[in-house]
Amino acid sequence: MEILANVLVGLVAALHAYILVMEMFLWQKKPGMSFHGFDREMAKATAAMAANQGLYNGFLAAGLVWGLVAGDPTGFRAQVFFLSCVIVAGVYGAVTANVRILAAQALPGALALAAVLIAR
């Protein structure tokens, strides 16, 4: 179960690294605009906000990677903390921005958190 938990945590970290790239570097390019369905004007108007969001997603990814490489109890605690942050951010995003965020962010975080807790 520990291997599955580590794989899921790694996948959630990779997801948030991907979001960082989309929001910080590709927001005003075709992949970024397609990701959110924005036209060039809207992407330009929201670029600073997106870069800020991307940075936060990068912090989540970094925290999860830290949790994977740190020894216990620090690694376990970091995983629980950052996965909880992922879940809260996903639920909040689903309520305030787009319900799809629940499945794209909160659900993977919840599955990874459950695996981490069961593996413990």
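Asparagine 57 counts as buried because its relative accessibility is 10%, where buried means under 20% relative accessible area, exposed over 50% and partly exposed in between (1.4 Å probe, protein chains only). The model is predicted, so local features need pLDDT of at least 70, side-chain atom pairs count only at pLDDT 80 or more, and totals for chains, interfaces and linings use all residues. Residues are numbered from 1 along each chain as its sequence is written, and side-chain values use heavy atoms, with hydrogens and water left out.

Asparagine 57 sits in helix H4 (residues 47-69); helices are DSSP runs of H or I with at least four residues, numbered from the N terminus. Its contacts (heavy atoms within 4.5 Å) include His16, Ile19 and Leu20, leaving aside residues up to four places away in sequence.

Turning to charged side chains, the structure holds 1 salt bridge, defined as a side-chain nitrogen of Lys or Arg within 4 Å of a carboxyl oxygen of Asp or Glu. Arginine 120 and aspartate 72 form a salt bridge at 3.7 Å, N to O. The two residues are 48 residues apart, with arginine 120 in the segment after helix H6 (100-119) and aspartate 72 in the loop between H4 and helix H5 (74-96). Arginine 120 counts as exposed because its relative accessibility is 54%, and aspartate 72 is exposed at 59%.
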